Amino acid sequence: MEHILSWLIFLPLIGAVLVLAAPAQMARSITWVFTFGVFLLSCALFGPFLDGRAWDGGYGTMQFEYAIPWIDVGGFHIRYHVGLDGLSFPLIILTTLITWLAAWASWNFEHWNVNRGPKGYFALFLLLETGVLGTFAALDFFLFYIFWEVMLLPMYFLIGVWGGPRKEYAAIKFFIYTLAGSVLMLVALLAMYYTSADAVAGPGTFGLIEYVTNPAIHEMFNSETTTFLSWKFGPAMFVMLFIAFMIKVPVFPFHTWLPDAHVEAPTPISMILAGILLKLGAYGFFRVCYPIFPEAASQLAFYVALLGVINIIYGAFCCLAQTDFKRLVAYSSISHMGYVVLGAAIMTTTGFQGAMFQVLAHGISSPMCFFLVGVIYDRAHHRDLNRFGGLWLEMPRYGSLATLGFFASLGLPGLCGFIGEIWVLLGTWSAPFTWAKPMAVISAFGVVLTAAYILWMIQRVYLGKRKEEYAGFPDADARETAILIPMALLAIFMGILPKYTFDLMNGTIDRVYEIMEPFTQVAFGG
Amino acid sequence: MEYTTALALGVLIPLISFTLLAFTGHKLGKPRSSYVALLAIGISCALSTYVLLGWLGKTPDEREALAAQAVANQFHWADFGNLAIKVGVKLDSLTVIMYFMVTFIAFWIHFFSIGYMEGHSDEVDGVSKYHRFFTYLSLFCFSMLGLVISSSLLFLFIFWELVGLCSYLLIGFYFDRKYASDAGMKAFITNRVGDFGFIIGLAMVVLFLGTFDLDEAARAFAHQFNTGTGIFEASVNLFGWHVSGGTLATLMGIGLFCGAIGKSAQFPLHVWLPDAMAGPTPVSALIHAATMVAAGVYLVARVFRLLTPEAQFFIACIGCITLTITALIAIVQTDIKKVLAYSTLSQLGYMIFGMGVGAWVAALFHLMTHAFFKAMLFLGSGQVIEGCHHEQDIRKMGGLRKKMPVTCWTFFIGVLAIAGFGIPGMHLGLGGYFSKDEILAVAYERAFNLPALKETDAAADDAGEHAHAIGRRRITSDRSKPASNIALASGVEAAHAPADAHHGDHRTGTLEKVGIAARLPALPPIMFWLPIIIAYVTPFYMMRCWWLTFCGKPRDHHVHDHAHESWKMFLPLAVLAIGTFYCSFATFRPLIHDAAAAATNSPAIVAIDGEAHNLEEAGAGAMLMLNHAPGKNPHDWLAYGVGFAWLIGMGFAAALYRNGLAAAERLRRRFALIHTALDQKLYFDHLYDGVLVAGTRTLGVVCYWFDKIFIDGTVNGVAMLTRWIGSFSGRQLDMPVQRGDWGLVDAVANGMAATVLDIGSQIRRPQSGRIRTYVCITAGAAAVALLAVLYFDQLAAGIDWLVTRTSTLAQG
């Protein structure tokens, strides 16, 4: 039992090896089975999060925790330490689910690229899942970093090899951006290790939890007098880590890799990219930036919130100018992830709840939207919004599911997108920062823009008269429907009964808030 | 069955129907899918009747106990921070009667639709959308009923958006037509602009009142008002504008009201409703006349206790502007549905105006009566349109009276009702007569009596006695409220105080009125005169519409020859006509009246309403009459002054159009400028399209260009620089660069692409050829990672070395 989480993480890797060993035509079946198996296995972890056992201790109380020393050289202690709490567990479930659906979405692999065999694709696909799961589960910063890098490479190849016409450009852009972030993370990671060594006057630690729970380390990290080079330690680390993560989210102005990557990536990869990889950045905020550096976070809250608001509004405006269907959905991701940043920035329970919920909601709705785009791209072989029209008449089942998916993305009440948005908006208004209320007002205007670009897109693609060139397009087939249905159901379930989603994470969010509270109170006074 | 259960069940059954139809509707086809929806709303209607009848038999105390029980039965939906959000049924007389009205009208409109949609759903390339119509209708019924019973503002907002969705789907029902999908989009986005304000208002409620629950919020608001705490001592800096205290409270009210501006299509967001007529006619009747658009009024009624006098004044202004301009535009409309749409707007303006001046009961009463006669009018217009082969231009109709007599006369009843038909002195009339008159009466008091009252207020400024007097009367009527609220009661109690008290303790009544008057801004007289004038305009344009359609000589023989009535659709018309009579007299008003006490109970609000309508209630049987001492009340001259407005307005219309369009045409040429302005809907659409929509889209393009040129340009520029530096030692690659879409960026992009290829080729070199190589490398990397887990000391040493180097750098 104690290895169950490690099994979960490395099971896809075993799958990858198997894919390589087995005949090419079996690759997709093996991937399907493995991703589904991993999904089932992850569902087996629900127990402690449902019955409340997970919330008994303070911050850092982990479930399915496993730790062994890994590298122990020259006073340098790196551990293999994994575990789950309310921040990471929902994301693990999201990852296994979306990866499984994406594997299913890759079923028609041979249709979209005949030049390359399926083995490499599916092996990299499974390797990617290991990287993601490992990143979410890692509690040792060095391990976190390694998984972060493990995830980067498969993604690079999946876009760069199996992508669209400008795949090299997109892949390199993605790679260099993320790598730039990784470098910052690496520097921060080492600085934190040595500072933690100073704090305890003994061997340092990479423990993401120890950084928070060890009073000496936590105090030193947030002290005014601790420095890194000539900067104050806390803000310097916070900024470096924040940049590393915000590239992934992505946050303005480091967002331009995302539309390119999405447009070029094959559909299943877009699903994973939007549904999971962006969430790694957000998870980084919650796991690393905020609990470890609450002092710096409260000092810099204004700038973080400002970036969030820019993301929301700027992303939405960019959506209005799009003619490429996939690029529009990509920009809408940027806009929606702005709520996550804003929710984190205000450092209240409500804000964190809203941000986490938005992470999960977007993790459901954006893969759905990308898959919906993919379905139509498979048939029409173009994504020009102005050339579409009348598809709801042509493909009624697909049209209905598309309406649902895009309305979930729009933030319609009763669907998942609404809860995160409204929590963040109301929470921002309630946050005791003096600048919070104007920000809430500006970002609330995002709801109008979101409605505008989504409805306009729906009109251009699904409504209107039937067009000759799309006559006889088959409706969504059984496989496509089967992929869309789980996401549709989850979108409805999370929208109608958000309590059950909140219950999976509120326990931990409360603990995180307890850590941040003393620091934010100071900021609120000013 | 408990009432809350019955009501909740009535909400859920249409949802079940929706789910069923969504999945099996296309298989059920025509007409079976409509039966499912009809059955569902039928059950809801039966349940609501059960609740209504039961509720009527309850004493006030029993009702209060049931309401308290409903509060106790709320369930925990989610946590907002540390605030538990409860969901439950708001059980009071208003809920019961509103719920009944919605289910009743919805049922008959479903019934009508079965016949109507047969000819109106198969127009799209042979694909039947018949089942879709009923699927959406069921979803609408669910959402609308949910909105009515919500006890929490958050849930009100949720259902609020859902009815907006249904409206969007149904307006754009014929979505193959561009104008229909445009209209749906316009409706949804315009509503979202209003919801933007609603969200801000909601945020203020949550922050300052600390709850989503309507009742709790009202209590908190009353408490804060009295103690000057909470929102009344808070200060907010909004973009450099420091808002504090009462202004903040007013802003909260206005924010919430913004939602109503959108949904009830008030100025300046009224532009979507006329376009919404692109939807099928039953939809116009149900959603865009009777129920959904009235939800805005319902919202204001529900949050009435959170409104400051200033916020109410704002609401009254908006209502007044809306009712005036839309009535004027209605005069020149030639599309039968557009006339009705603008008349709906104008009547909604009356309701909102009524709410604003404090005529809570009258405004809701007007909502109810309007729902019946306007639904009937729309269904009648549906008959006409159906009969005339989709001709909607009243200039081409005429003389249809003989061809469609039932439609003609039910339509005429509707015209009479909206015109305010009644006979002053005889105490007889249709719904519009009583409800509109009542609103005007309250407006009169606010405009003319208040200043006088204010003058005497100083003399009567004995706060202790005032509070004592009110407190005494509150205790008898409202025991459930906390003691702290007792002394703060407003004059509303005049509305529900026992009749003998009303006649008896006259002095107390005066005192109350004076005390409240001091807090009220007086209404400018123009806000009394405009609604009065429009009361004359309404009968004119409605009669014009009826006359042009049904009377005179046929103007287009093609249309006239085809005209026929469909007997299938009679029943709903007849039932709604009876409803129009019935709701004018019985059940509705007393129940609204009953709800008023609790629903308007806030110290910050106005309560002249109570004074005004109590006078009219003689309780003779089920009849409502204007019954007060002659010469003492504005109602007298008001009743005579406005009482014959219907006759004058309708008479003028009949006179003008008795010989067809010629006389009107002369008039049109005479006032060409005004006519053009009205015909162009006062240029609101031009303004919004030209400035707001175009501006937003331009901003979108600008943002995207910024993205491509500035941000990506910087990125690519840096990359180019790197490559340029690198090229001193490297070789030039030939670059098969795709032609970019963005001329200016091309140069930069090419540079970047070169770099990309450069780096790409470096990376790809070991992987030339087959994909297997990629995978081997990756698998190798993974193997390294795995080996590393197994104490890979050499790697560790390497890392150690790296770390030491870095840390010296970091520490030095």
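The bend at a residue is the angle between two fitted axes, one through the seven residues ending there and one through the seven starting there. In this predicted model, a kink of about 130° lies at B:Gly29 in helix α1 of chain B. Chain B holds 34 helices and 6 strands, and its contact with chain A takes 77 residues from chain A and 73 residues from chain B.

**Chain B overall**

- Chain B has 812 residues, of which 56% count as buried.
- Among chain B contacts between residues at least 6 apart in sequence, 80% join residues at least 24 apart.

**Contact between chains A and B**

- The contact draws 77 residues from chain A and 73 residues from chain B.
- On the side of chain A that touches chain B, helix α22 (residues 446-461) of chain A gives the largest share, 7 residues.
- That side of chain A divides into 53 nonpolar, 16 polar and 8 charged residues.

- Helix α1 of chain B covers residues 3-56, which is 54 residues.
- The end C-alpha atoms of α1(B) are only 12 Å apart, whereas a straight helix would reach 80 Å at 1.5 Å a residue.
- The kink at B:Gly29 comes shortly before the proline B:Pro31.

- α12(B) has 24 residues and reaches 36 Å from its first C-alpha to its last, close to the 34 Å expected at 1.5 Å a residue.
- Of the 24 residues of α12(B), 17 are buried, so the helix is largely enclosed by the rest of the structure.
- Helix α12 (residues 309-332) of chain B packs against helix α30 (residues 672-679) of chain B at an angle of about 105°, with their axes 8 Å apart.
- Angles of 65 to 115 degrees count as roughly perpendicular, and α12(B) and α30(B) are therefore roughly perpendicular to each other.
- From α12(B), the residues B:Leu328, B:Ile329, B:Ile331 and B:Val332 meet B:His675, B:Leu678 and B:Asp679 of α30(B).
- The residues of this contact of α12(B) with α30(B) divide into 5 nonpolar, 1 polar and 1 charged.

**Helix α4 of chain A**

- Helix α4 (residues 89-105) of chain A has 17 residues and reaches 24 Å from first C-alpha to last, close to the 24 Å expected at 1.5 Å a residue.
- α4(A) is mostly covered, with 17 of its 17 residues buried.

**Backbone exceptions**

- Most residues other than glycine have a negative phi, and most peptide bonds are trans.
- The peptide bond from A:Val249 to A:Pro250 is cis, with omega near -10°.
- A:Pro250 lies in the loop between α11 (233-248) and α12 (257-264) of chain A.
- The peptide bond from B:Phe267 to B:Pro268 is also cis, with omega near 5°.
- B:Pro268 sits in the loop between α8 (245-263) and α9 (272-275) of chain B.
- A:Ala201 is not a glycine, yet has a positive phi of about 50°.
- A:Ala201 lies in the loop between α8 and α9 (210-213) of chain A, and is exposed, with 7 other C-beta atoms within 10 Å.
- B:His389, likewise not a glycine, has a positive phi of about 55°.
- B:His389 is placed in the loop between α14 (360-387) and α15 (405-419) of chain B, and is partly exposed, with 13 other C-beta atoms within 10 Å.

**Two individual residues in chain A**

- A:Ala316 lies in helix α15 (residues 301-320) of chain A.
- A residue with 20 or more other C-beta atoms within 10 Å is buried; A:Ala316 has 29 such neighbours and so counts as buried.
- Beyond its neighbours within four places in sequence, A:Ala316 is in contact with A:Ser335, A:Gly446, A:Leu449, A:Thr450 and A:Tyr453.
- A:Ala316 and A:Gly399 are 83 residues apart in sequence and 23 Å apart in space, C-alpha to C-alpha.
- A:Asp198 is in helix α8 (residues 167-200) of chain A, and counts as partly exposed because it has 14 C-beta neighbours inside 10 Å.
- Between A:Asp198 and A:Trp107 there are 91 residues of sequence separation and 53 Å in space, C-alpha to C-alpha.

Terms used: Residues are numbered from 1 along each chain as its sequence is written. Chains are lettered from A and ligands numbered from 1 in the order in which they are written. This is a predicted model: local features need pLDDT of at least 70, side-chain atom pairs count only at pLDDT 80 or more; totals for chains, interfaces and linings use all residues. Helices (H or I, at least four residues) and strands (E, at least two) are DSSP runs, numbered from the N terminus. A residue is buried if 20 or more other C-beta atoms lie within 10 Å of its own, exposed if 12 or fewer, and partly exposed in between; C-beta atoms are placed from the backbone. Two residues are in contact if their C-beta atoms, placed from the backbone, lie within 7 Å. Ala, Val, Leu, Ile, Met, Phe, Trp, Tyr, Cys and Pro count as nonpolar, Asp, Glu, Lys and Arg as charged, and the others, Gly among them, as polar. The expected span of a helix is 1.5 Å times one less than its number of residues. Axes are lines fitted to C-alpha atoms, for helices over the stretch in contact, and angles run from 0 to 180 degrees between N-to-C directions. Angles under 35 degrees count as roughly parallel, over 145 as roughly antiparallel, 65 to 115 as roughly perpendicular and the rest as oblique.
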